[in-house]
Amino acid sequence: QNEEEWDFVLVSDIHEMGSEKEIKRKKFLDELSKKGFTIKKIEDTKLFYGVRAPQHIFWKYQCLLMNPDGRQQNSSAHQDVPVTTRIRVVHFILQNTVTSDLEKLHDLMKKKVFEAAFPLHKKEKIREILKKKWARWRVIFKQQPIEEIRCYFGEKVALYFAWLGWYTYLLLFAAGAGLITVAVGASVFSSSQVSKEICDAHNTIMCPLCDQNCSFWVLSDTCTYAKVTHMIDNEATVVFAIFMAIWATVFLELWKRQRATVATDWDLYGWDEEEEELALQLINNQQHEPRLYQHSYFRSAIILILALLMIMVLIGIAHALVIYRAVAVALFTQSDVNLLSKHADTIAVMTGAVLHYVTIVIMTKVNWHVALFLCNLENPRTFSEREKSFTVKIFLFQFFTNFSSLIYIAFFLGRINGHPGHYVRIAGHWRLEECHPSGCITDLFIQMAVIMLLKQTISNIMEYLIPWISHRLRKKQKRRKKRSVILGEEEEVEDPCKRQWLNNYELNEVNVFSLFNEYLEIVIQYSFTTIFVAAFPLAPLLALINNVIEIHMDAIKMMRLHRRMVPRKAKDIGIWLQVLEAIGTLAVIGNGLVIAITSDFIPVQVYKYMYSPCTKENHTSMDCSTGYINNSLSVFHIQDFEPHTKVLPEFNGVQIKKCRYRDYRNADDYTYTVQFWHIFAARLAFLILFEHVALCVKLIAAWYIPDVPQKVKNKILRDKHSNLQNELSTMEYCTEV
């Protein structure tokens, strides 16, 4: 037989004759034979069974799913079935063939009767084109051959790469805007009035950062950090945040147009996933009864409660990271190592970020199992419903895993820790950490930078290295076994299929979640790129670099390191589109909150227009933020420290009576000043204004850009018109006859 003709290969260990596994395997293969499948057996260190479906199965498929005109075609039409459709149909029948013991292939694989089942990477022209134009590093900046990807891997994979390519292309604009924002900040790196005041504050004595044996410090020590902070915390950041809210909307609207064009070109508008699944069930078993829609409020309530419990666990882990940082700051500041004690805050934040990354890696695996368990509990009706349900659950869990700690740093850090003389403490012992002396946005910037860099570098290296090493080891193992078998023997003539099947078997296995993992990774990255982008304007640039590498790394994995994916049909990216739209809305809220609450943008503006020297007299030559730093620091009297606080009262030989800390409190009773409430009201007003403006702009952009291009609408209209005309002509001809 021609090696090209085998649709699927089943792999099994060599079991003893008459053993339970051997009997189960024979029963399954007999069921396939009854359906007209041709089976070829090749023995090596494993048993390989090539299966080929009979042509009448594909003819039935075409008859059931073709349009009315297609059904009138002659029976030779089945020869035109694309390879992707052929593999998909055979895969469905293999997965749904039931033995006399009521076991399916999935059950037999669990019991180790079969080890693997996969379609073949074959030596065909399209594969060579993909290897040359796509799955190699030298074509990294060239356009992807989406049509060829579709013909080899099916519509679902092609749509993923089309979407990823489109997202990467539009990231060029976001990355450019981010670089301009940082460049604007860098241009005033040393000239910012606020930074100058911090750098010149050699006599501003700040309160100790810990309770035991910590000395006072001078505000000018944070000069470099203050300059860096001003690079990301300036007026340009507000414009950039609004730009990113619009960008997220425009990206999705333009993708909808792109998808509509692709769906029309690939003739997917009339295709229905549910109808295809029903047709395949009937081809597999004519007596099949459809599973009806059901809904249980009790089951839904249980799943909701369990999901909420899981989210609470994830928030609890974020709290554990908060505790770690509070304890770490206390221990580092008391350390004998000068580097640790001097930069205790920064080191605590950076080690906290690394620890956060480790929890992300661990919890991703836990989230996976929990989401699968909840999906099984929900028991969705079809595979596509199961996929949607799983997507929503895993995204929610991953979102809280990735963002709980960032949400705390952005909106709670330094706001719930009390003040000198009355600190909020963990277990009555450790002080809650404060914001970095140069501003709360610095902590968020560090956390975002560490997580994004670690996620993208380590994850990408592991994503490529693990399959590569695994493939090499499998090949080595295979060769060693082969040598031991043929040693001292005359090698017989090898079946032409054997080498091809072995080569495919040596590749890494794929499953239904292989593509899902890629989507999830990019959607979480999209969240990082949009939600807190005001604190880290370089996020789109990092995402852009990552995606350019990711596209070709995925291509190389799929073509050279992994077995062939079962091609799946789809006319869009599914539930991921709704997830992306939800992230777009969260991005508006998140960036509004970052500017209003985390950054110093609002306090500086309130100071400029209500408390600065400019309000008292007309100083055209003076910068209106002059005196802001002194105004933003409150005074604390040393005698009011808590009894157990041990501080060194002398600093540089001077006896200290009072120190400063970041807050707006009265010097006598430490209650909030009027200025605090002015700033609070301004933050609230800005937040409401920013979010309403950004959401309105999003809605206008969504309305302005039609989801479906005019040429696509006109093509569908013309097709409908010509079909009806043909129908009418046929009817008139039949009436005349």
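Which residues does the UniProt annotation "transmembrane region" cover? According to that unreviewed entry, the annotation covers residues 157-186, 236-255, 301-327, 347-374, 394-413, 523-552, 573-597 and 680-705. UniProt positions follow the numbering used here, feature names are shortened, and annotations may be inferred rather than shown by experiment.

Before going further, a word on the model. It is predicted, with local features needing pLDDT of at least 70 and side-chain atom pairs counting only at pLDDT 80 or more, while totals for chains, interfaces and linings use all residues. Residues are numbered from 1 along each chain as its sequence is written, and side-chain values use heavy atoms, leaving out hydrogens and water.

Let us look at two of the annotated spans. Residues 301-327 are 100% helix and 0% strand, and their end C-alpha atoms lie 39 Å apart. For residues 347-374, the end C-alpha atoms are also 39 Å apart, with 100% helix and 0% strand. Helices here are DSSP runs (H or I, at least four residues), strands likewise (E, at least two), numbered from the N terminus.

Now turn to helix H7 (residues 146-153) and helix H8 (residues 155-187), whose axes come within 7 Å and cross at roughly 150°. That makes H7 roughly antiparallel to H8, a term for angles over 145 degrees. Axes are lines fitted to C-alpha atoms, for helices over the stretch in contact, and angles run from 0 to 180 degrees between N-to-C directions.

Finally, find Lys156, which lies in helix H8. Its C-alpha atom is separated by 9.6 Å from that of Gly574, 418 residues apart along the chain.

Note on methods
Parallel < 35°, antiparallel > 145°, perpendicular 65-115°, else oblique.
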